[in-house]
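Here is a short briefing on charged side chains that pair up. Keep the structure open as you read.

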Amino acid sequence: MIQIEKIYKRFGRNEVLKGVDLNIPEGGIYAVLGPNGSGKTTLIKCVLGLMIPDQGDIKVADKPISKQWKYREEINYLPQIANFPGNIRVRELIHMINDLRKKAGDESYLVSLFKLEPFLEKKLANLSGGTKQKVNLVLAFMFDSPVIVLDEPTSGLDPASLIALKKLIQKEKEAGKTFLITTHIMQFVEEVADQIIYLLEGKIYYTGTLSGLLEKTGQKDLEHAIAAITSEKRHA
Amino acid sequence: MLKILKYSFKDLIRSRWSYVYFLFYLLLGFVLLFLNNDLSKAVITLMNIIVVLVPLIATIFGIMYYYNSREFIELLLAQPLKRSSIFLGLYLGVAGSLTLSLVLGLGLPFALYGLFKSGDILNFSLLIVIGAFLTFIFNGLAFNIGIANENRIKGFGYAVLLWLFLAVIYDGLFLLALIVFEEYPLDTFSLAATVFNPIDLSRILILLELDISALLGYTGAIFKAFFGTRIGIISATIMLLIWTLVPLWSFIRRANKKDF
């Protein structure tokens with residue numbers, strides 16, 4: 001579904017991605033992990049065309065994405081920080097995205113799932129961080145697209161919404177969607193992810209299943225395994 | 001692009017600032033007519049205000065809107081939309097709504113005063129067209145500054161400096177050059193220097209059209225000889241078009257390469 005070939009990206013002197021190769025087949029949930037500043041968000045933004053890689057090729061559904069925009073019809077994206085224009089209402093925002101995507105989205109189910117009805121007429125600037133994140137999730141899930149990219153989907157969510165989110169992810173997975181998720185909540189990864197992609201210092205350190213990673217590091221849970229990789233790299 | 005334009009226009013029409021500008025122009029129109037009590041005199045006074053104030057408002061509002069739309073832009077970029085149409089839509093939204101404030105705000109009082117029955121309608125229209133050009137030009141310049149500077153305070157500073165330079169300092173330097181090199185023939189130089197500043201270009205165009213170029217003395221005669229002709233008017237309009245399109249082109253080019 002997504003092929004990434006030798007992606008390089010630097011910001012000034014800071015080389016963030018140093019030749020990332022990745023092949024994500026169709027269907028399943030892929031968790032992109034890595035310490036802060038390892039390039040997770042940069043990688044995701046390159047796939048979405050928000051950032052332009054210095055070198056390398058990215059293909060989505062077998063088509064190169066460089067200078068293209070139509071392919072984004074196949075992708076739903078949840079940005080890490082829910083930045084919305086502050087002076088419009090939640091209902092208007094949902095309506096606007098619906099209008100812009102030229103595709104009928106189904107938001108009513110999601111609005112009731114995240115209990116957003118009381119906030120529909122409120123302006124986005126007046127919402128709390130968690131509520132904004134729920135609006136963000138509604139926008140990311142309301143369209144029926146084969147690829148769903150979630151950047152830190154759990155941030156700011158209360159337990160009830162977190163459970164709702166996990167259900168939602170399972171439901172979409174069963175419908176054959178491909179997920180690309182970044183997160184720091186290891187429990188969340190253990191519960192939902194099929195495959196793990198571990199980014200370290202701008203390179204892919206590990207791809208494979210969770211049990212494979214535990215075996216490789218000789219640790220008993222994911223949290224310790226990740227911490228072990230990070231500190232081992234630092235001591236080396 | 002039209003959809004983006006629709007949303008940014010809607011957003012602006014609802015923002016308080018569009019009304020502030022509209023009311024400001026409205027008030028300005030009424031006050032000028034009241035003080036001058038004469039249409040053609042009011043048009044001349046209006047010219048002085050338009051060539052200085054319209055660029056200021058377009059620059060400040062342009063940079064403010066660009067920085068305020070960061071979130072909106074990020075939201076749009078993740079949608080299946082072409083980058084250049086997102087940015088073109090935003091630009092046209094701002095420049096269009098500002099031009100609308102200008103046209104309605106000044107048009108209303110002058111129309112009420114009997115503009116359509118007077119001979120000044122042509123001069124007034126020229127004024128409005130030039131005001132629109134200046135709005136588009138300075139919006140474009142402000143957007144360029146905005147996209148080149150992540151730091152809002154810096155961007156704002158550069159934008160104000162740009163206006164100050166083109167509206168005030170440029171003329172000072174121009175004058176200084178004329179005095180220092182007064183022994184040399186300066187016709188071509190002064191013509192060229194005018195063309196490189198959209199504010200000066202607009203001012204000269206209006207002065208010539210209003211037929212008060214005699215006020216400018218010898219230089220006025222040279223300008224009249226150039227800009228007064230058909231070729232002069234056409235080349236001045238082309239220059240204004242270039243001044244509009246080049247900043248816009250450079251903005252879109254930057255926007256297509258930028259990381260968000």
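**Salt bridges in a predicted model**

Lys177(A) and Glu172(A) form a salt bridge, and their closest N and O atoms are 2.5 Å apart. The model is predicted. Side chains of opposite charge can pair when their charged atoms come close. Over all chains, a search of the whole structure finds 15 salt bridges.

**The Lys177(A) pair**
- Lys177(A) is buried, at 6% relative accessibility.
- Glu172(A) is buried too, at 11%.

**A link across chain A**
- Asp158(A) and Lys134(A) meet through their side chains in a salt bridge, 3.7 Å from N to O.
- Asp158(A) sits in the loop between strand 7 (147-151) and helix 5 (159-174), while Lys134(A) belongs to helix 4 (residues 129-141), so this pair ties together parts of chain A that are 24 residues apart in sequence.
- Asp158(A) has 35% relative accessibility and counts as partly exposed.
- Lys134(A) has a relative accessible area of 12%, so it counts as buried, the cut-off being under 20%.

**Within one helix of chain B**
- Arg203(B) and Asp200(B) join their side chains in a salt bridge, at 3.3 Å from N to O.
- Both lie in helix 9 (residues 198-209) of chain B, and because they are three residues apart, about one helical turn separates them.
- Arg203(B) is buried, at 19% relative accessibility.
- Asp200(B) is buried as well, at 5%.

**A network in chain B**
- Which residues are joined into one network by salt bridges that share partners? They are Arg70(B), Glu74(B), Glu150(B) and Lys258(B).

Conventions:
Residues numbered from 1 in each chain as written. Chains lettered and ligands numbered in written order. Predicted model: local features only at pLDDT ≥ 70, side-chain atom pairs only at ≥ 80, totals over all residues. Heavy atoms only, no water. Salt bridge = Lys/Arg side-chain N within 4 Å of Asp/Glu carboxyl O. Helix = DSSP H or I, 4+ residues; strand = E, 2+ residues; numbered from the N terminus. Buried < 20%, exposed > 50% of the residue type's maximum accessible area, 1.4 Å probe, protein only.
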